[in-house]
Amino acid sequence: MPKMTFIERDGTRREVDAPLGLSVLEIAHRHGVDIEGACEGSLACATCHVIVDGAWFPRLAEPTEDEEDMLDLAFDLQETSRLGCQIVMSEALDGLVVKLPAAGK
């Protein structure tokens, strides 16, 4: 099974199983990672904002215009910020590393 790593707000690294076809948001919820996802992945909020490790960012599909609009609302926006609901696990992303924003949800 593919794996991914969440870097928690306190810097703790947590490697988890990341089933193919699930979004980073869904994977986080399965493992009790502190990501809200208020809109339940419908691309209507920015509460599943994650910061993708720079080595992994180029491997992701380009964000849609709707995702970019939602990211404009995210707290602690970074150059490699994405919405967890829009990153879907694939074999190519086995080992993906994402960090939770420093503050806010």
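How do strand 3 and strand 5 (residues 96-99) pair, and over how many bridges? They run in the antiparallel sense, joined by two bridges.

## About the model

Welcome to a predicted model, in which local features need pLDDT of at least 70 and side-chain atom pairs count only at pLDDT 80 or more, while totals for chains, interfaces and linings use all residues. Residues are numbered from 1 along each chain as its sequence is written, and side-chain values use heavy atoms, with hydrogens and water left out.

## The sheet

Let's start with the strands. Helices (H or I, at least four residues) and strands (E, at least two) are DSSP runs, numbered from the N terminus, and two strands pair if DSSP finds at least two bridges between them. Five strands make an open sheet in the order 2-1-5-3-4, with mixed pairing. Strand 2 and strand 4 (81-83) stand at the edges with a single partner strand each, so one side of each has no neighbour in the sheet. On average, neighbouring strands here are turned by 35° against each other, direction ignored (axes are lines fitted to C-alpha atoms, for helices over the stretch in contact, and angles run from 0 to 180 degrees between N-to-C directions).

Strand 1 (residues 3-7) pairs with strand 2 in the antiparallel sense over five bridges. Thr5 has Glu15 as its bridge partner in strand 2, and Ile7 has Arg13. The two strands form a hairpin with five residues between them, and Gly11 in the turn has a positive phi of about 95°.

## Strand 3 and its neighbours

Strand 3 is antiparallel to strand 4, with three bridges joining them. Val50 has Arg82 as its bridge partner in strand 4, whereas Ile51 is bridged to Lys99 in strand 5. In a regular strand the side chains alternate between the two faces of the sheet. Both faces of strand 3 are covered, with His49 and Ile51 buried on one side and Val50 and Val52 buried on the other (buried means under 20% relative accessible area, exposed over 50%, partly exposed in between, using a 1.4 Å probe and protein chains only).

Ser23 sits in the loop between strand 2 (13-17) and helix 1 (24-30). Its relative accessibility is 6%, so Ser23 counts as buried. Leaving aside residues up to four places away in sequence, Ser23 touches Gly84, Cys85, Ile87 and Val88 (contact means heavy atoms within 4.5 Å).

Most residues other than glycine have a negative phi. Leu43, in the loop between helix 1 and strand 3 (49-52), has a positive phi of about 60° although it is not a glycine. Its contacts, again not counting residues up to four places away, include Met70, Leu83 and Cys85. Asp76, in the loop between helix 2 and strand 4, also has a positive phi, near 60°. Asp76 counts as partly exposed because its relative accessibility is 26%.

## The largest pocket

The largest pocket holds about 180 Å³ of space. On a 1 Å grid over the protein atoms alone, a pocket is an open set of points where a 1.4 Å probe fits, with protein on both sides within 12 Å along at least five of seven lines, and lining residues have an atom within 4 Å of a point. Grid points are joined across faces, edges and corners, and the volume is the space filled by probe spheres set on them.

The lining has 13 residues, with Phe57, Pro63, Glu68, Ser81 and Arg82 nearest the pocket centre. Helix 2 (65-71) and strand 4 each supply at least two lining residues. By type, the lining divides into seven nonpolar, one polar and five charged residues (Ala, Val, Leu, Ile, Met, Phe, Trp, Tyr, Cys and Pro count as nonpolar, Asp, Glu, Lys and Arg as charged, and the others, Gly among them, as polar).
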